[in-house]
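Hello,

Here is the structure I said I would pass on. Please open it first, then read my notes below.

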Amino acid sequence: MSLNEERLETTIIHASTRGEYERKSGAVNVPIYLSSTFHQESFDGFGPYDYSRSGNPTREALEKSIATLEGGARGLAFASGMAAISSAFMLLSSGDHIVVTEDVYGGTYRFVTEVLPKFGIDHTFADLTNVEQTAQAIQPNTKVIYIETPSNPRLGITDIEAIVKLARENDCLTFLDNTFMSPLYQRPLDLGVDVVVHSATKFLSGHSDIIAGLAVTKDETLGNRLAFIQNSFGSILGAQDSYALIQGIKTLGARLMQSSGSAQKIADYLNAHPLVEEVFYPGLASHPGYTIHSKQSKSPGAVLSFSLPDRETAKAFVENVRIPVFAVSLGGVESILSYPATMSHAAMPKEEREKRGITDGLLRFSVGLEHVDDLIADFEQALIKANNIVALIN
Ligand SMILES: *Cc1c(COP(=O)(O)O)cnc(C)c1O
């Protein structure tokens with residue numbers, strides 16, 4: 001059976017070996033090649049590996065695996081999601097311009113606003129959920145439209161095909177940060193996107209134990225250009241972390257299925273709670289991106305955000321929940337509650353933050369693998385306490 005016929009949940013288990021097990025032993029796992037350099041048998045012709053920055057067999061197994069899962073020509077593994085994202089932007093040249101989704105990840109915001117301008121690369125932020133506004137942001141020197149969908153932290157939904165069409169009409173490439181969905185739930189390259197980037201720190205690795213990034217190109221030529229940047233800039237993923245990520249990816253299907261199912265129930269619960277002002281989750285029919293998301297993705301995923309009336313209520317809620325960790329990041333087996341205003345979006349000035357709806361009462365919740373009834377019971381007691389505490393203060 002070809003890879004195209006089977007479901008991704010099956011492919012994902014075998015993608016790192018593709019049935020080609022390590023020759024000496026038949027080990028079912030990819031060996032961790034801890035070698036910076038490789039002995040060359042012949043004076044005249046060198047083997048496939050020479051130095052691990054340029055290529056390492058463990059990293060290569062991971063890179064091939066993510067390329068298969070995203071349906072791309074070439075996958076590349078980096079030291080972090082930001083290393084993957086900034087390396088992708090290095091495909092650009094001085095004098096180029098990019099259009100970036102306005103609710104972009106905080107670290108990407110920092111790179112685009114503080115690093116790229118030093119190299120003469122200019123940007124315009126646009127509301128990518130609005131195709132007309134995006135079109136207006138395009139300039140003659142625009143080379144890339146940068147998409148995140150669902151976006152962070154308010155789960156805004158961009159119509160991928162509409163933005164790809166607009167980009168092609170204007171001779172631009174499209175980059176898409178697929179961290180929230182993973183290839184299991186959304187395959188942007190199939191919709192015409194040129195480069196997919198990931199913070200593999202999140203759902204792909206799944207255990208909050210490593211920092212890693214991945215990039216996949218649709219096209220071989222662009223993939224070779226990005227591989228050249230990966231080798232030149234050198235922010236590659238090490239062999240041990242590559243191995244950890246290969247193992248994490250194998251359980252992605254099971255993890256996402258459970259977490260996303262729980263996320264839907266928690267979103268429904270919060271949506272009906274009187275203290276919760278608004279719930280942002282593309283699995284709610286009331287979400288403005290519900291129809292578009294359902295068209296381009298297989299599931300609303302495992303991240304949601306919700307707003308409480310103010311900072312005091314959010315604080316009292318966080319101080320009273322027992323199960324989730326209160327931390328930055330997402331996509332772990334443990335549920336992670338975060339406060340975007342001072343965590344993921346700390347790099348963004350308050351004024352910019354508020355323009356994007358990242359208010360002082362907004363919390364983001366990444367649903368882990370705990371029993372959903374326990375999570376809801378925990379939220380229930382914490383919301384009651386938060387309500388009482390705030391009533392006392394006022
Ligand atoms: C975490 C994250 C990043 C950055 O990835 P790192 O692995 O932390 O460098 C980029 N985009 C999104 C959507 C993220 O959540």
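How much area is buried between domain 1 and domain 2, and what share of that area do carbon and sulfur atoms give? The buried area is about 3300 Å². Carbon and sulfur atoms give 62% of that area. Please keep in mind that this is a predicted model.

Three residues stand out on the domain 1 side. Arg-154, Tyr-185 and Phe-203 supply 24% of the area that domain 1 buries against domain 2.

Now the layout. The domain assignment places domain 1 at 8-250 and domain 2 at 252-393. Their C-alpha centres lie 27 Å apart. Domain 1 brings 37 residues to the contact, and domain 2 brings 43 residues.

The rule finds one salt bridge across the interface of domain 1 and domain 2. Lys-295 and Asp-159 form a salt bridge through their side chains, at 3.3 Å from N to O.

Which helices supply at least two residues each to the side of domain 1 that touches domain 2? They are α1 (8-14), α4 (106-115), α6 (160-169), α7 (182-185) and α9 (239-250). By class, that side of domain 1 holds 17 nonpolar residues, 11 polar residues and nine charged residues.

Best wishes

How values were computed. Residues are numbered from 1 along each chain as its sequence is written. This is a predicted model: local features need pLDDT of at least 70, side-chain atom pairs count only at pLDDT 80 or more; totals for chains, interfaces and linings use all residues. Side-chain values use heavy atoms; hydrogens and water are left out. Domain bounds come from an automatic or database domain assignment. Contact means heavy atoms within 4.5 Å. Buried area is the accessible area (1.4 Å probe) that two parts lose on being put together, summed over both. A salt bridge is a side-chain nitrogen of Lys or Arg within 4 Å of a carboxyl oxygen of Asp or Glu. Helices (H or I, at least four residues) and strands (E, at least two) are DSSP runs, numbered from the N terminus. Ala, Val, Leu, Ile, Met, Phe, Trp, Tyr, Cys and Pro count as nonpolar, Asp, Glu, Lys and Arg as charged, and the others, Gly among them, as polar.
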